[in-house]
Amino acid sequence: MTDIKGLYSDKVMDHFLHPRNMGEIKNPDGVATVGNPQCGDVMQMFLKIEKKDGKEYVKEAKFQTLGCGAAISTSSIATEMIKGKPLAEAEKLTNKAVMEALGGLPKAKIHCSVLAAEAVKKAIADYESKKSVPK
Amino acid sequence: MKKVYLDYAATTPVLPEVVVAMSPYWSEKFGNASSLHSWGREARKTVEEARRKVASLINAEPEEIIFTGTTTTSDNLAILGVANFQLPTSRFRQRFHLITSQIEHHAILDTFKFLEKQGFEVNYLSVDKYGMVNLEELAKAIRPETKLVSVMYANNEVGTIEPIKGISEKLKAKSEELGIKMYFHTDAAAVVEYLDLDVQKLGVDLMTLGSHKFGGPKGVGILYIKKGTKIDPITFGGHHENGLWPGTEAVPLIVGTARALELSIKNQGSSVKRVTKLREKLIKGVLKKVPETILTGHPIQRLPDIASFCFKKVEGEAILLRLDAEGIAVSSGSACTSGDLRPSHVLLAMGIPVEEAHGSIRFSLGRNTTEEEINYVLEVLPRVISDLRKMTPKKI
């Protein structure tokens, strides 16, 4: 029972207490769930994709997360980092970039940033797989 | 912002009377109790006076009281000390057997795990869904080689009170039946303000107390060791504390401990009444206002100060931090607060599913808790939980 608030940066606390882009997207173009309740963290990432000048962009990104302060803040900042970005760029989001954007994470919480990056990648993969199947 | 401290089981504020009692012993009466001059003699007298006071408060003899460094060191000394004494004979391939429970504090559990590595055999007693050990299971676990049994007086996470008297009676009967001598240790750190500490009535051979859990200073523990108990030191370097806890006595901390224990025991009756009433209000209010919540620990056989819950579909650390942002201090046994990947070993031993154990929160009340504070929690908590649950994915 260790109080770990002291180990969270102000940025982490800001995203935890005021999460951005929290919620669901109805009829998302891509969606993915990572983590599991036994481990204490479940993240769900929703994406809306738009095409401009033949290029695909992340028009909207939303998340829902069951988890600790780090799990919530990494999902929140990940949505901010990919929103409006070309898909090819969003796909390259790394856990390291997520951590840096948050001003660092305690060692025991690094796996949360891994989950956030994985959620983005899997949601994009979901979009790609749906796209390749003719409707 | 309103500040509400509900983590008294983690630590308590030092009582003003205790601060007063300690104050002459920092700069004015600073002598080393081992010195022969007047400064030293004054310190020695003070330490022995404190020892007598502590002894009489728990119905023990002064020579049965050892002042140590912390609650954890008292636990370590009790267990390792008894085990150390057995070591010389263990070379002759005699097996030594020890018994404890699965829900002990890590100061106990980690010590037993260490002894297991050294070749001792250890049984970890299971508990029921309320966190209670089973006397029949204990009786079955006892063997002719059993040397030590350690079961906590009450659990610090869920507040369940263990049947200490029942255990000591069972051990006595078994000892007579098998013609063996085994020792019974209890970690009583969580109970001082509320439960009977009479070592004769409890029938214990060793008992741990920690000063900062009952209005005393941090950095000092008590270990009661019944006369005749075969125990060796675990640290070395002097004659202090019967040679069992060598090192210069922390005179001000020892004085403060005796004063805090005196006040705690004197006020037990009123503390139990007052705190139980507030805790019941908190438990009833939480269960009524927050859906999908379970109370952990025994519904009746529980410490007056502990209200512990698992909130489904939310994570404990997130609750803790959100409450902290509203000025409320609590604890959680979730994996995220332990630095470990698993949630509280206590909740898991009670059979609570892992995913529910992640949502555990402990409120622990104390001397300064008011009804107004409980009302504030009952106003804030339902909103915090519902806000967090809005974030939880629908399909999990």
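Domain bounds in what follows come from an automatic or database domain assignment, and on that basis chain B is divided into domain 1 (16-266) and domain 2 (268-390). The centres of these two domains of chain B, taken over C-alpha atoms, are separated by 29 Å. This is a predicted model, in which local features need pLDDT of at least 70 and side-chain atom pairs count only at pLDDT 80 or more, while totals for chains, interfaces and linings use all residues. Residues are numbered from 1 along each chain as its sequence is written, and chains are lettered from A and ligands numbered from 1 in the order in which they are written.

**Contacts between domains and chains**

- The contact between the domains takes 22 residues from domain 1 of chain B and 22 residues from domain 2 of chain B, where two residues are in contact if their C-beta atoms, placed from the backbone, lie within 7 Å.
- The side of domain 1 of chain B that touches domain 2 of chain B has 11 nonpolar, 8 polar and 3 charged residues; here Ala, Val, Leu, Ile, Met, Phe, Trp, Tyr, Cys and Pro count as nonpolar, Asp, Glu, Lys and Arg as charged, and the others, Gly among them, as polar.
- Between the chains, 22 residues of chain A are in contact with 24 residues of chain B.
- On the side of chain A that touches chain B, the elements giving two or more residues are α1 (10-17), β2 (41-52), β3 (55-66) and α2 (69-82) of chain A, helices (H or I, at least four residues) and strands (E, at least two) being DSSP runs numbered from the N terminus.
- β3(A) gives the most to this side, with 3 residues, and by class the side has 12 nonpolar, 9 polar and 1 charged residues.

**Helix packing**

- α1(A) and α2(A) pack at an angle of about 85 degrees with their axes 8 Å apart, axes being lines fitted to C-alpha atoms, for helices over the stretch in contact, and angles running from 0 to 180 degrees between N-to-C directions.
- α1(A) and α2(A) are therefore roughly perpendicular to each other, given that angles under 35 degrees count as roughly parallel, over 145 as roughly antiparallel, 65 to 115 as roughly perpendicular and the rest as oblique.
- This contact is made by V12(A), H15(A) and F16(A) of α1(A) together with G69(A), A70(A), I72(A), S73(A), S76(A) and I77(A) of α2(A), and by class it has 5 nonpolar, 4 polar and no charged residues.
- In chain B, the axes of helix α10 (residues 268-289) and helix α15 (residues 371-391) come within 10 Å and cross at roughly 15 degrees, and α10(B) and α15(B) are therefore roughly parallel to each other.
- Residues making the contact of α10(B) with α15(B) include L278(B) and L282(B) of α10(B) and I374(B) and L378(B) of α15(B), and the residues of this contact divide into 8 nonpolar, 1 polar and 3 charged.

**Sheets of chain B**

- An open sheet of 7 strands has the order β2-β8-β7-β6-β5-β3-β4 (chain B) with mixed pairing, two strands being paired if DSSP finds at least two bridges between them.
- Strand β3 (residues 97-101) of chain B runs parallel to strand β5 (residues 146-150) of chain B and is joined to it by 4 bridges, with H97(B) opposite T146(B) in β5(B).
- Helix α5 (residues 106-117) of chain B lies across β3, β4, β5 and β6 (183-187) of chain B, running at about 155 degrees to β3(B).
- A further open sheet, of 3 strands, has the order β9-β10-β12 (chain B) with antiparallel pairing, and L295(B) stands opposite F309(B) in β10(B).
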